[in-house]
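Subject: Structure handover

Hello,

Here is the structure I promised to pass on. Please open it before you read the notes below.

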Amino acid sequence: MNIPFLDLKAQFREIEHEVLPMVKEAMENAAFIGGPQVSGFEAEFASFCESKYCVGVNSGTDALRFALLAAGVGPGDAVITVPHTFIATTEAISQVGAKPVFVDIDPKTYNMDPKKLEDYLSKRFKGNASGLQPSASSIEPRPKAVLPVHIYGQPADMDAIAAVAKKHNLLVIEDACQAHGALYKGKKAGSMGVAGCFSFYPGKNLGAYGEGGAVVTQSEDMANKIRMIRDHGQAKKYFHDMEGYNGRLDAIQAGVLRIKLRRLETWNEARRRNAKHYNELLSPVKGVTVPLEANGSRHVYHLYVILVDDRDGLQKYLNDKGIGTGLHYPVPLHLQKAYSHNGHKEGEFPVTESVAKRLLSLPMFPELTKAQIEYVAQSIKEFMKKS
Ligand SMILES: Cc1ncc(COP(=O)(O)O)c(C=O)c1O
């Protein structure tokens with residue numbers, strides 16, 4: 001049996017009859033940038049995310065960059081995030097001129113550990129109502145924001161993070177690029193911070209047929225700023241209040257996203273069913289750790305990630321049997337060459353490092369069949385018995 005890691009072709013067959021006429025109409029009307037598809041999608045996605053505003057942008061990376069800029073983060077600031085994420089999270093921080101600073105993750109959810117966040121802040125900075133003052137020994141820039149990542153589709157512990165952020169006077173910006181429709185204590189991912197940033201990269205739970213992203217926010221001021229930043233710093237054509245970016249969401253991509261958004265809840269439910277089936281088959285297998293859905297959270301399983309000691313051996317075994325797998329992410333960000341100038345050392349973030357060595361992403365998409373899940377689970381059992 002051949003089981004791809006991700007199958008976007010099956011999904012296209014379901015929506016082809018809506019997508020192709022939409023693309024034809026856009027071409028016939030020469031409506032490519034802005035217009036009713038973009039504003040329509042923004043209204044619908046804001047409502048889906050239980051947020052007052054949504055601004056469509058060109059990618060998740062732009063969403064993060066623009067949210068940070070609109071929040072006033074820049075040179076001289078630090079932004080605290082996790083080393084267990086895709087590099088776009090920290091690229092956005094560096095590219096607005098700030099410094100990414102890491103705290104380790106929780107060993108069960110793989111999300112930011114709020115205790116580590118508090119430890120970091122209380123050791124290096126004295127929190128007070130007027131902001132953070134570096135302690136005498138500190139050479140770190142002043143943290144302005146915390147950027148938790150809802151990794152794999154499960155929200156970080158937002159209440160605990162918000163409490164630490166409040167104590168230390170930090171903004172919270174959510175990297176919800178993997179968590180469309182996830183819930184934290186009944187609240188939508190992206191709706192809890194000053195801004196929530198989404199990616200519509202094709203493989204995401206809500207994916208465009210190209211690049212796309214969005215910022216959702218409850219703040220009109222934030223939304224207005226991001227609208228200007230994404231469009232060369234103009235609110236009125238050729239009247240530029242500042243320099244901005246070419247970071248808009250295309251009309252055709254917005255049209256695709258509107259068609260898919262209507263099905264997102266059904267697709268997320270299918271992912272959850274698939275995860276449940278995997279869990280039933282794999283949790284009894286000795287040596288395999290299945291993902292944990294934290295109390296009060298609704299995981300939307302953008303990725304279904306297990307931990308095993310001989311990860312490389314298992315990956316090869318599965319690949320040889322025609323099963324596609326992924327590694328998200330094999331090298332923690334603090335150990336990437338791109339951040340070698342920061343002088344990080346192995347052992348600095350032990351939970352992230354241990355997870356990175358053992359993680360393996362199994363095939364996960366809504367159309368995955370029971371038989372396919374059973375074949376994957378059976379193959380894992382065979383490997384674990386042999387090793
Ligand atoms: C956690 C995380 N942050 C940011 C991004 C960046 O999104 P994009 O690829 O749309 O720029 C991604 C997507 O790959 C992601 O998974």
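How are H9 and H11 oriented to each other? Start with their axes. Helix H9 covers residues 311-320, and helix H11 covers residues 370-386. Their axes come within 10 Å and cross at roughly 130°. An angle over 145 degrees would count as roughly antiparallel, and 65 to 115 as roughly perpendicular. H9 and H11 are therefore oblique to each other. Their crossing is right-handed. Please keep in mind that this is a predicted model.

H9 brings Gly313, Leu314, Tyr317 and Leu318. H11 meets them with Val376, Ser379, Ile380, Glu382, Phe383 and Lys386. By class, six residues of this contact are nonpolar, two are polar and two are charged.

Now the other helix pair. Helix H2 (residues 36-48) and helix H8 (residues 251-282) have axes that come within 8 Å. These axes cross at roughly 30°. That makes H2 roughly parallel to H8, because angles under 35 degrees count as such. The crossing of H2 and H8 is left-handed.

On the H2 side, the contact residues are Pro36, Gln37, Val38, Gly40, Phe41, Glu44, Phe45 and Phe48. On the H8 side, they are Ala251, Ala254, Gly255, Leu257, Arg258, Leu261, Leu264 and Glu265. This contact has ten nonpolar residues, three polar and three charged.

The largest pocket has a volume of about 490 Å³. It is lined by 26 residues, and Phe86, Ser199, Tyr201, Lys204 and Tyr329 are the closest to its centre. Helix H3 (60-70) and helix H4 (88-95) each supply at least two residues of this lining. H3 gives the most, with three residues. The lining of the largest pocket divides into eleven nonpolar, eleven polar and four charged residues.

The second largest pocket has a volume of about 420 Å³. Of its 19 lining residues, Phe102, Tyr120, Arg124, Glu348 and Phe349 are the closest to the centre. Strand E3 (99-102) and helix H5 (114-124) are the elements that give two or more residues to this lining. The largest share, five residues, comes from H5. By class, the lining of the second largest pocket has seven nonpolar, three polar and nine charged residues.

Last, the cavities.

How many cavities of 30 Å³ or more are there? The count comes to two.

The largest cavity has a volume of about 70 Å³. It is lined by 13 residues. Leu8, Gln11, Lys204, Arg271 and Pro366 lie nearest its centre. Lys204 is also among the residues closest to the centre of the largest pocket. Helix H1 (8-28) and H8 each supply at least two residues of the lining of this cavity. H8 is also the partner of H2 in the helix pair above.

Best wishes

Notes:
Residues numbered from 1 in each chain as written. Predicted model: local features only at pLDDT ≥ 70, side-chain atom pairs only at ≥ 80, totals over all residues. Heavy atoms only, no water. Axes fitted to C-alpha atoms, helices over the stretch in contact; angles between N-to-C directions. Helix = DSSP H or I, 4+ residues; strand = E, 2+ residues; numbered from the N terminus. Left-handed = near helix turned anticlockwise from the far one by under 90°. Contact = heavy atoms within 4.5 Å. Nonpolar A, V, L, I, M, F, W, Y, C, P; charged D, E, K, R; others polar. 1 Å grid on protein atoms, 1.4 Å probe; cavity = no way out; pocket = protein on both sides within 12 Å on 5 of 7 lines; lining within 4 Å. Points joined across faces, edges and corners; volume = space filled by probe spheres on them.
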